[in-house]
Amino acid sequence: MADSSKPKAPRPEKKRTRKNDARRQRQRQQRKFKFDTRQILEATLFCAFVLGIISIAFLGRQPIGPQILLNQPASTRIVAEFPFEYTSGIIRQRQASAVRAQVPPVFKRSEVPFLNFSDALGNLQNSVAKVLIEFEDEDKERLLAEKSKAVTQWIETTGITTEPANILELIERTNPKERADLFKEALAALNTLYTEGIYAARDSETAGNSIAVIQLIGKDGNDDLPAARSHSAAEIALRRQIDSISRNDKTARALFEIFRAGLEPNLVYSENDTAAAVDIAIEKIEPKVFEFFEGDTLIEPAAIVSELDLERMKQYRSAALERGNDPLFFNALFLERLVLASFLLISIGLFLKQGLRNYPNRTQAFVISAVCLLVNLLAIRFILELGELVAVNNRGVLSVLPHFVPYALAPILVAALTGMTPAIFTALVIATLFGISQGNSIEFTLIAFLSGVVGAYYSNNIRSRTRLVRAGFFAGLAAALAAIMTGILSNFSAGLIAELVAVSLLIGLLSGIIAVGILPLLENLFKITTDITLLELTDFNHPLLRRM
């Protein structure tokens, strides 16, 4: 009985079973820990990738507003969301142009013409007196010849354009005293005309009943009354004065022909004074101030956009930026874009993880797609920032700036390196993010996605690097066709549509050319040998094969 109460020793088989169960449990715990760690690492990397993409695409970006183009119909009604006012620079420029056209030119009087002619006339009287002294006792023919010689020499010396016969006739018809009196009174009349001012009339003024308006500035810089005459009017006034002092018509005629040669414009155009007069007139212009209240219409739908509309939208955008002062991260626009982009990227990430489980080299394909996506987004951000910096005051250029973006660069590279499926998802991400950045524009989303898919299609399974350029061309062609359709639906002019087509084709070709340069770098970075490289290595003209 005592022997039967002792416990039985465990069997060796049960001991081994318990040990194996414990070992398997430890292994399951270790695998679970590794699995949890790998999932956490993948989730962390994916979140970092999503934040990087969102930061590149949206961080610091401002709302661009609706697409409006000069001389093109507005697609939608634009309403002010807050009250603002601004002073129109365009209207001021127009008013300034009108003032410049209305302000008469400023002239200054010059006494040089009168003084020169007065000195020349004194020399003539001296020459005639000298001839009379030397040849007064000679016969009349000799005296007349000497007078004619002296007069001719005087004309050649002074350059006064008058006939010698006029001077000789006046000398013969008057004695020295009468001649001196006539010269004195005629000089006084000439001086009056020069004091009032003589200007050269344009052909348009002499052709019809037009009036020349000028401003006169005296020696002291003060404005004088506008009593100036044109050259033809001064000739008439001079003739009337000479007629009143001459004793007969022949004497008056001869005297007029002499003094007529001394009549020339003496008003000198002053560029500085004219500019000063224009500036003073412009300063007196009342500025045109536009005031808008919340809910007021800024641009009517289907209305042709004018320069004033572009200026109004520019001022409205500036007021919105000044009014916002939102922080860099926690502002309404960035948070909205963050949520939309996160939904998109998380959905695509889950699909790729489950739907492409059996895709060959899946991890490598994801990494390549991510790198190409980041490079393409950086290029897009750089182009947009540079364009906005250069064309900050040109609303028309800012409206067409999205067409200068290389949507298809990353899809072309991904298709050439990994295949068609990752390239399509890359095109989808780029198109959606770009559409969100352009004010949730479905138009730009579809254009970018179509261009990316076409570029990826023509880059798949290619065997020549030149085919990448062809793929870029077809991607640009797809964007150009989409631009034509959207331009027609938006009632754009034929000229603008042609410009968009040219830009789309050019950007497509540049995308293909850039892809040719980037592809070898990515091949070396990820240690990938594409069909293009294999065919190049099997070329019998390759240097390595020729050495063998």
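Which residues do ring pairs link into a cluster? I found Phe82, Phe84, Tyr86, Phe290, Phe292 and Tyr316 there.

**Ground rules**

I am working from a predicted model, where local features need pLDDT of at least 70, side-chain atom pairs count only at pLDDT 80 or more, and totals for chains, interfaces and linings use all residues. Residues are numbered from 1 along each chain as its sequence is written, and side-chain values use heavy atoms, with hydrogens and water left out.

**Entry 1: the whole chain**

I began with the secondary structure and noted 21 helices and 10 strands in the protein chain. Helices (H or I, at least four residues) and strands (E, at least two) are DSSP runs, numbered from the N terminus. Of the 548 residues, 39% count as buried. For my own reference, buried means under 20% relative accessible area, exposed over 50%, and partly exposed in between, with a 1.4 Å probe and protein chains only. I then looked at contacts with a separation of 6 or more, and 78% of them join residues 24 or more positions apart. Contact here means heavy atoms within 4.5 Å.

**Entry 2**

I went to strand 2 (residues 84-87) and followed its side chains, which alternate. Which way does strand 2 pair with strand 9, parallel or antiparallel? The pairing with strand 9 (residues 289-292) is antiparallel, over 4 bridges; two strands pair if DSSP finds at least two bridges between them. Phenylalanine 84 has phenylalanine 292 as its bridge partner in strand 9.

Next I looked up the aromatic pairs, and the structure holds 14 of them. Rings of Phe, Tyr and Trp (its six-membered ring) pair if their centres lie within 6.5 Å; planes under 30 degrees apart count as stacked, over 60 as edge-to-face and the rest as tilted. Why is the pair of phenylalanine 84 and phenylalanine 292 called stacked? Their ring centres are 5.5 Å apart and their planes are at 15°, so the pair is stacked. This pair links distant parts of the chain, with phenylalanine 84 in strand 2 and phenylalanine 292 in strand 9, 208 residues apart. I checked burial too: phenylalanine 84 is buried at a relative accessible area of 8%, and phenylalanine 292 counts as buried at 11%.

I also noted a stacked pair between tyrosine 458 and phenylalanine 474, at 4.3 Å centre to centre and 10° between the planes. Tyrosine 458 is in helix 17 (residues 442-459) and phenylalanine 474 in helix 18 (residues 466-489), so the pair ties together parts 16 residues apart in sequence. Tyrosine 458 is partly exposed at 26% relative accessibility, and phenylalanine 474 is partly exposed at 24%.

**Entry 3: charges over rings**

I looked for a charge over a ring, which calls for NZ of Lys or CZ of Arg within 6 Å of the ring centre and within 35 degrees of the ring normal. The charged end of arginine 239 sits over the ring of phenylalanine 256, 5.2 Å from its centre. Lysine 288 lies over the face of phenylalanine 290, at 5.5 Å from the ring centre.

**Entry 4: two helix residues**

Is threonine 274 buried or exposed? Threonine 274 is in helix 10 (residues 271-283) and counts as buried at 10% relative accessibility. Leaving out residues up to four places away in sequence, I see threonine 274 touching Pro105, Val106 and Tyr269. Isoleucine 236, in helix 8 (residues 231-245), counts as exposed at 56%.

**Entry 5: empty space**

Rolling a probe the size of a water molecule over the atoms shows where empty space is left. On a 1 Å grid over the protein atoms alone, a cavity is a set of points where a 1.4 Å probe fits but cannot get out, and a pocket is an open set with protein on both sides within 12 Å along at least five of seven lines; lining residues have an atom within 4 Å of a point. Grid points are joined across faces, edges and corners, and a volume is the space filled by probe spheres set on the points.

I read about 940 Å³ for the largest pocket. Its lining has 26 residues, and Glu42, Phe46, Phe49, Gly349 and Phe366 lie nearest its centre. Which helix gives the largest share of that lining? Helix 13 does, with 8 residues.

I also noted 2 cavities of 30 Å³ or more, and the largest cavity has a volume of about 90 Å³. Helix 13 supplies the largest share of the lining of the largest cavity as well, with 4 residues.
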